[in-house]
Amino acid sequence: MTLDVSATGMEDFDVLVIGGGASGALVALHLLDHDGLHVALAEPRPAPARGAAYSTPRAEHVLNVNAARMSAFDAAPDDFVAWLRTQPESVGIDAATLAVQFAPRRVYGRYLQARLDGHPSRASLALRSEAVVDLERDGAGFIATLASGAQLHARAVVLAIGNQPAALPGGAQVAGTVDAWDYDAVAAIAADADVAIVGAGLSMVDVLLTLQANGHRGRVLAISRNGLMPLAHAPGTVPQPGGVDALMPLGVRARMRLLRQWAREAVVQGRPWQDALERLRPQVRALWQAWPETERRRFLRHAVRQWDIHRHRIAPGVAAVVDDMQASGRFSLQAGRLFRIEARDVRVGIDWTPRGGAPTSTIVDVVVNATGMEKRLARAPGPLLPALHARGLVAPGPLDLGLATRGDGQLLDANGDVVPGLWTLGATRIGDLWETIAMPELRGQAERVAAGVRQARAVS
């Protein structure tokens, strides 16, 4: 049945973009490049284009790659650096110097918002400062329900929901726990508080930087299954010569051996080991998709954490802060498994098992959830993805990671069929593409999704 939108008074759009973080803003920008499309962007945060990463107000939270690699557009690789040169904080700094800097993430969010607000067709974009909580098909497209209960109609929808936060082990929610992405809550931690951080990835690094910036004096313990944290970029890193054809037919173990060999060769030649990882940078999708399911599962069991800490590196200055905190005894990282978090008097108790040790308990004032993004549909937070799953409009992606997709981001339903007019990009495509959230991948996906939506609209 097709809804008569005009009879209901419901707002009607050509395209609804759900999620106004970096991925949603980029899709909207490319949709606006073509006149005549009426686009809505639904985002509950006060300002669009920020998302979880770029909404931080903290100056110490910097990008994980230098400015030269952070343009929002493949066709204009110098765009971010060019914009930086127009900003008050960059007065007197030449382009070459700006290009190698790791800019504050809040500045990058300002850049994306400026590009969105400054688009010549900005008037064709309607912002809706609410979350979409449900989406259903009708014969002419989709009906989206907002948190307020209001509804709108769109002929095509793009899910640009970004990274969804994972829950603490066991789903614990007790007083004294805060989320690493709740930047204000982390900043409010008392300087003398004892802190436990669950997780040891990029979110943990954010927490450490804020604690350090605030003059934190209490002890900080991080617990993760592997006890490994992100490594640092090396200045002047460039891709090692050669392609990756030799890696394509190899399984996990053989690829790891060859990568270690390439890293050793780089060091022998007087270059950083990071050059070997840069050699892989443009080919991650092809390398992932070349593996059969058995090898992908082996990678997730045995090698994924090693990949993460070498591939998703941090700025040298950030690494220096973390190293200093660790060397001075203010911060320690332990490998172990957490199995219980509970309130104990006015503090928080953590029951966990160190690697190779016996179960133990640690009492702290604050627990910070830095477990990162939720990758599995069955555990997706919030109402929208569970609602779409219940309606059969989405299905788990390969290896139960993200959502099932095809082509340039068309979503597949519970029967494995393309859902006409429903698209996605970014973190939701991890099962199909693996590398999905870094800006070089995200900006390319956004452009292709927008092109696919326009093409589908033209032939419908």
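Which residues form one aromatic cluster? Tyr54, Phe80, Trp83, Tyr108 and Tyr111 do. The model is predicted. Across the whole structure, a search finds 11 aromatic pairs.

**Two pairs that share Phe299**

Trp288 and Phe299 make an edge-to-face pair, because their planes stand at 70 degrees and the cut-off for that class is over 60. Their ring centres are 6.0 Å apart. Trp288 belongs to helix α11, residues 284–290. Phe299 belongs to helix α12, residues 293–302. The pair therefore ties together parts that are 11 residues apart in sequence.

Phe299 is buried, with a relative accessible area of 6%. The ring of Phe299 also pairs with that of Trp434. Here the planes meet at 85 degrees, so this pair is edge-to-face too. Trp434 sits in the loop between α16 (430–433) and α17 (439–459). Phe299 is in helix α12, so this contact ties together parts that are 135 residues apart in sequence.

| Pair | Centre distance | Plane angle |
|---|---|---|
| Trp288 and Phe299 | 6.0 Å | 70 degrees |
| Phe299 and Trp434 | 5.4 Å | 85 degrees |

The cut-off for buried is under 20%.

**A charge over a ring**

Trp262 has a charged neighbour. The charged end of Arg279 sits over the Trp262 ring. The distance to the ring centre is 3.5 Å.

Terms used. Residues numbered from 1 in each chain as written. Predicted model: local features only at pLDDT ≥ 70, side-chain atom pairs only at ≥ 80, totals over all residues. Heavy atoms only, no water. Phe/Tyr/Trp six-rings, centres within 6.5 Å; stacked < 30°, edge-to-face > 60°. Helix = DSSP H or I, 4+ residues; strand = E, 2+ residues; numbered from the N terminus. Buried < 20%, exposed > 50% of the residue type's maximum accessible area, 1.4 Å probe, protein only. Lys NZ or Arg CZ within 6 Å of the ring centre and 35° of its normal.
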